[in-house]
Amino acid sequence: FQRQQNPQHPAFGFIDIDGGAAFRLYTDDGIFSTDIFVTQEDIYLLRSAKAHVTDLIQRLLDHAGIGCNDVDRVLVSGAFGALSDPSALFDLGILPPVLESKVSCVGNASKQGAQMVLLDKSILAEAEALVQHVVCLPASVGPVSEGTLHFLPAL
């Protein structure tokens, strides 16, 4: 973070938020005054997330005994899965470029799956059979997330 104001856009630039530096990306003084800004903590968390995801991908590939070029498709769920454009994951360097044509964002897959089973009981048997093939790896502990990593090898 280098404190230089932008003379063409003086509303954008550094501001102080809770005693720390932040860079204002957007401001609107309309009915609801809005500032969108990025802090050094945000940058740290993004870098930590990138490192964590890189580690998880490598652990998955190692467990499966394959490389990135061997991956047929990647389904991203959860918060990242809500993205309408997965290119953001590549623009930020979160996913390796070799996977770019293989990624689909599927939204909140666990919620959608639960809704499908509730609406159609015949899906339950298929879901229970699929669960038998899921591999769980403990995720490494870090500032971004911890818990268990689940993946379903190709059947």
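Analyst: **Confidence, setting and the paired strands**

Within the protein chain, confidence is highest in strand β5 (residues 103–105), at a mean of 89, and lowest in strand β7 (residues 147–151), at a mean of 52. This is a predicted model, and its protein chain has a mean pLDDT of 79, with 81% of the residues reaching 70 or more. Over residues 143–147 pLDDT stays under 50, and for this stretch the model has 11 contacts beyond four places in sequence.

The setting can be given briefly. The protein chain contains 5 helices and 7 strands, and along the sequence these follow the pattern β-β-β-α-β-α-α-β-α-α-β-β. Of its 155 residues, 21% count as buried. The chain exposes about 11,000 Å², and carbon and sulfur atoms supply 57% of that area. Of the contacts between residues at least 6 apart in sequence, 40% join residues at least 24 apart.

The part requested opens with strand β1 (residues 13–17), which runs antiparallel to β2 and is joined to it by 5 bridges. Two of the facing positions can be named. Phe14 stands opposite Phe23 in β2, and Ile15 has Ala22 as its bridge partner in that strand. β1 and β2 form a hairpin with 2 residues between them. Asp18 belongs to the loop between these two strands. The phi of Asp18 is near 50°, a positive value in a residue other than glycine. With a relative accessibility of 81%, Asp18 counts as exposed.

The next pairing takes the description from β2 to β3. These two strands also run antiparallel, with 6 bridges joining them, and they form a hairpin with 5 residues between them. Arg24 has Phe37 as its bridge partner in β3.

Arg24 is also one partner of the salt bridge. The structure holds 1 salt bridge, formed by Asp35 with Arg24, whose closest N and O atoms are 3.1 Å apart. Asp35 lies in strand β3 (residues 34–39) and Arg24 in strand β2 (residues 20–28), so the pair ties together parts that are 11 residues apart in sequence. The separation of 3.1 Å falls within the 4 Å limit used for a salt bridge. Asp35, with a relative accessible area of 34%, is partly exposed.

Leu25, Tyr26 and Ile36 make up a nonpolar patch on the surface, and together they have about 280 Å² of accessible area. Tyr26 is in strand β2, whereas Ile36 is found in strand β3. Tyr26 is partly exposed, with 38% relative accessible area. Ile36 is likewise partly exposed, its relative accessible area being 44%. Although Ile36 and Tyr26 are separated by 10 residues in sequence, their C-alpha atoms are 5.0 Å apart in space. Leaving aside residues up to four places away in sequence, Ile36 touches Phe23, Arg24, Leu25 and Tyr26.

Key:
Residues are numbered from 1 along each chain as its sequence is written. This is a predicted model: local features need pLDDT of at least 70, side-chain atom pairs count only at pLDDT 80 or more; totals for chains, interfaces and linings use all residues. Side-chain values use heavy atoms; hydrogens and water are left out. A salt bridge is a side-chain nitrogen of Lys or Arg within 4 Å of a carboxyl oxygen of Asp or Glu. Helices (H or I, at least four residues) and strands (E, at least two) are DSSP runs, numbered from the N terminus. Buried means under 20% relative accessible area, exposed over 50%, partly exposed in between (1.4 Å probe, protein chains only). Patches are made of residues with over 30% relative accessible area and no salt bridge: like charges are joined within 9 Å, nonpolar side chains (Val, Leu, Ile, Met, Phe, Trp, Tyr) within 5 Å. Accessible areas come from the Shrake-Rupley method with a 1.4 Å probe; for residues, only the protein chains shown count as cover. pLDDT is the predictor's confidence in each residue, from 0 to 100. Contact means heavy atoms within 4.5 Å. Two strands pair if DSSP finds at least two bridges between them.
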